[in-house]
Every structure is written in structure tokens, then in C-alpha cells.
Number of protein chains: 2
Amino acid sequence: MMYDIEVKVSLKAGMLNPEATTIQRSLSLLGYEVKGTKTKEIISFVMEAESEDDARAKVDDMCQKLLCNPIIHNYTIKIIKMDFTCASCE
Amino acid sequence: MMYDIEVKVSLKAGMLNPEATTIQRSLSLLGYEVKGTKTKEIISFVMEAESEDDARAKVDDMCQKLLCNPIIHNYTIKIIKMDFTCASCE
């Protein structure tokens, strides 16, 4: 079965986020005062797996090994089963 | 009023995404065949504004001037009004 995967990666609380700090300072130079700026990344892709649990186990392994650094990052995994039943065939 | 803002920035269709290409190739080196890899960025912050429309106009200006490059990026803006009514005061 094919699954649509979305991994959301964010820094753990307390970790410095230079990108967010730079964005906040730059916005204030533009005249916009904002607070609590944070950045997250979303990585999405399509993959084949036996089941949702199988997909979750594989994606978790991908996160641990490549997609993020478990020491400084939190990550969440969203899995959507792709439904290829053709509307006109039903 | 305070608003919780979330800006999601993604590349327009047809734009090369070296980061996504690198992720897809690296995953296949790990033994995971995935397709259609994409990356997006989420920038979130808190800001003060007169109304939701005022907040949207300001954030749109921030996107045009700083948060993304309108030539190569699409962006979506999510605005949530922050409700400070204290539960025990009601």
C-alpha cells in the first residue's frame, strides 16, 4: 500500500534557534514587533509499506538516522493512506 | 489583540529543491525508496494587531518583504486569535 508521509521537525525547548532570532530582529527592523518566533521544517514524501504500523516504524527509523537529530530535535509523523480506488470504477 | 501567526512557505511547482533531492537520495542509500519528497518551512510567532484583517495585511507584507521570495515561493498564513479570558474569572 502507498502512504503519504509528513514529518514535522522542530527544535526542543531551550535550544537556541539563530534562524528564528534573525527573523525576529529583521522584522523589527521592518517595523514589526513580534514575539516567540519559532521555525519548523516539514518533510513530506510518498512510500510503500505493508501497513500503517510498518510505515510508522520505517519513518521513525528514517528520523532517527537522517531526517533529524534526536538530541536537539522533536519530530511528529503524520501518515495518510493513499486511496487509489477510482471513483468511476465503483 | 494578540494573534498567534503561522506562515507556511513552500517552493512553487517546477522549482528545483536540492534539499528534498538530497533527502530522497540519502534515504535510498539507507535502503528506503520514497517518492515525491518535498520540504516546507513553518515560521510561527505572536503579534499584536487591531483585527484579524489587520494582522493578515501585516503578515502578508512581512512575507513579501522578508519571510519568503514571492518569485519562487508560495506561502499560506494561519491566524489564531489568542484568548486571554481567565477560566476562573468567568
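What follows is a chat about the contact between the chains, some strands and a few salt bridges.

Trainee: Before we start, what are the ground rules here?
Mentor: This is a predicted model, so local features need pLDDT of at least 70 and side-chain atom pairs count only at pLDDT 80 or more, while totals for chains, interfaces and linings use all residues. Residues are numbered from 1 along each chain as its sequence is written, chains are lettered from A and ligands numbered from 1 in the order in which they are written, and side-chain values use heavy atoms, with hydrogens and water left out.

Trainee: OK, how many residues does the contact take from chain A and from chain B?
Mentor: 29 residues from chain A and 29 residues from chain B, where contact means heavy atoms within 4.5 Å.

Trainee: And how much area do chain A and chain B bury between them?
Mentor: About 2,500 Å², with 64% of it on carbon and sulfur atoms. Buried area here is the accessible area (1.4 Å probe) that two parts lose on being put together, summed over both. In chain A, the residues that lose the most area to chain B are A:Tyr32, A:Lys40 and A:Ile42, together 21% of what that side buries.

Trainee: How many salt bridges and polar contacts go across between chain A and chain B?
Mentor: Zero salt bridges between chain A and chain B; the term needs a side-chain nitrogen of Lys or Arg within 4 Å of a carboxyl oxygen of Asp or Glu. Eight residue pairs are in polar contact between the two chains, both residues at pLDDT 80 or more. A polar contact is a pair of N or O atoms within 3.5 Å; within protein, one must be able to donate a hydrogen and the other to accept it, and residues adjacent in sequence count only if both atoms are side-chain atoms.

Trainee: Which elements give two or more residues to the side of chain A that touches chain B?
Mentor: In chain A they are β1 (2-11), α1 (18-29), β2 (34-48) and α2 (52-67). The largest share, 14 residues, comes from β2(A). Those names follow DSSP runs, numbered from the N terminus: helices are H or I with at least four residues, strands are E with at least two.

Trainee: What does β2(A) pair with in chain B?
Mentor: Strand β2 (residues 34-48) of chain B, in the antiparallel sense over 11 bridges; two strands pair if DSSP finds at least two bridges between them. For instance, A:Val46 stands opposite B:Lys35 in β2(B).

Trainee: Let's stay on that strand. Is B:Thr39 buried or exposed?
Mentor: B:Thr39 sits in strand β2 of chain B and is buried, with a relative accessible area of 11%. The cut-offs are under 20% for buried, over 50% for exposed and partly exposed in between (1.4 Å probe, protein chains only). Leaving aside neighbours within four places in sequence, B:Thr39 is in contact with residues including A:Glu41, A:Ile42 and A:Ile43. The side chains of B:Thr39 and B:Asn17 are joined by a polar contact of 3.0 Å.

Trainee: What about B:Lys38?
Mentor: B:Lys38 is also found in strand β2 of chain B, but this residue is exposed, at 52% relative accessible area. Beyond four places in sequence, its contacts include A:Ile42, A:Ile43 and A:Ser44.

Trainee: Switching topic: why call β1 of chain B largely enclosed?
Mentor: Because seven of the 10 residues of β1(B) (residues 2-11) are buried. On pairing, nine bridges join β1(B) to β2(B), antiparallel, with B:Tyr3 partnered by B:Met47. β1(B) also pairs with strand β3 (residues 73-81) of chain B, antiparallel over nine bridges, and there B:Asp4 stands opposite B:Ile80.

Trainee: Back to salt bridges. How many over all chains?
Mentor: Eight in the whole structure. One of them joins A:Lys65 and A:Asp61 at 3.1 Å, N to O.

Trainee: How are A:Lys65 and A:Asp61 placed along the helix?
Mentor: They are four residues apart in helix α2 of chain A, so about one helical turn separates them. A:Lys65 is exposed at 54%, and A:Asp61 is partly exposed at 22%.
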